[in-house]
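Here are some notes to read alongside the model. Keep the viewer open and look up each residue as you go.

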Amino acid sequence: MSLRLAILLALALLIVLHFGSAWQFHRSIDQQVLTLRMLTGDEQVVQPPRLICALAMRSHRPDTDKGPSQYCPTTIQIHQTGEMRLSEQGQWLPFSATQDFSIRQPGFVWRATFRLAPFIHIEVVDSYVQGKGRLEGRLLGSVPLLRAAGSSTDKGELMRYLAELIFFPAAFLNNSALHWHELNEFTVEVKGEPDVGVHYNFDPNGDLVDITAPNRPRMVAGQAVETPWSCTVSDYRTLSGYDIPTFGQVSWQLEDGPFTYWRGRITHLETDPDNQSLFQAEV
């Protein structure tokens, strides 16, 4: 066998392995989204405190006389653009993303593409489905770069879902897994598990100021460290009949000041999507 033929065969094998690995990765994400779209809630929904009810009613689509509890999609899908960095001195990396949320039970799948250079990108899935968190990134969709799972990941991803309820207000009044606690006249805590919750903080006018948590897991030198965390949202617009914030930024509250590591904008919202191919590597 000539050297040229051997090189060609090796390249062909690498291409086959690349596409096979990428296909398996995308298929696993598709299965998560399909599972998400089948989640239902059979238990009675707990009525939220008045601040949350008022927020839900202001956000609800006005094209029907029925309240949010009568009109409720099963899932909502949003499209985002934004940027993210891994350290305080790190470079901001642009991304485009699609995210599906379950309304009646906690669950989401965020799949993003980070462009590093022409023809070079990283595909990332960040999800919480059926009580399990998942964070995985792959170069070109096939070469593993990072993966996180386990109890700390489960907790962190559930906290993300609870904070992002603001993007799909129908869940405020229709998710039977949510447990509400009015901590004071301006702060409401929502929990998805007995030890997993976030705080919705309001001003005296009843407008949302921010969403915070004192103990969201943060990876430091390979270890999960519970760290104060916050999310601020702004630029309210009407998308698919819902008045929601379309811009958000997320920060760790460190001893030497806030470290903002994620910021993004929602560009499109769709209720009960029926996509067939769910992961879009080329956006």
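**Notes on the model**

1. Let's start with T227, which is buried, with a relative accessible area of 7%. Buried means under 20% relative accessible area, exposed over 50%, and partly exposed in between (1.4 Å probe, protein chains only). T227 sits in strand 11 (residues 223-239). Leaving aside neighbours within four places in sequence, T227 is in contact with A213, P214, N215, R216, R218, W252, Q253 and L254. Contact means heavy atoms within 4.5 Å.

2. A word on ground rules. This is a predicted model, where local features need pLDDT of at least 70 and side-chain atom pairs count only at pLDDT 80 or more, while totals for chains, interfaces and linings use all residues. Residues are numbered from 1 along each chain as its sequence is written, and side-chain values use heavy atoms, leaving out hydrogens and water. Helices (H or I, at least four residues) and strands (E, at least two) are DSSP runs, numbered from the N terminus.

3. Now find helix 2 (residues 50-59), whose buried residues are L51, I52, C53, L55, A56 and S59. What covers them includes strand 7 (179-184), strand 8 (187-193), strand 9 (196-202) and strand 12 (242-254).

4. Which residue in the loop between strand 3 and strand 4 has its place there? That's F119, and F119 is exposed, with a relative accessible area of 80%. F119 also has a positive phi of about 70°, although it is not a glycine. Most residues other than glycine have a negative phi. S240 has a positive phi too, near 50°; look for S240 in the loop between strand 11 and strand 12, where S240 is partly exposed at 35% relative accessible area.

5. Next, the largest pocket: about 1200 Å³ of space lies in it. Of the 36 residues that line this pocket, M84, L86, D126, L135 and Y261 are the closest to its centre. Helix 3 gives the largest share of the lining, 6 residues. A pocket here is an open set of points on a 1 Å grid over the protein atoms alone, where a 1.4 Å probe fits, with protein on both sides within 12 Å along at least five of seven lines; lining residues have an atom within 4 Å of a point.

6. Last stop: I120, in strand 4 (residues 120-129). I120 is partly exposed, with a relative accessible area of 39%.

Technical notes
Points joined across faces, edges and corners; volume = space filled by probe spheres on them.
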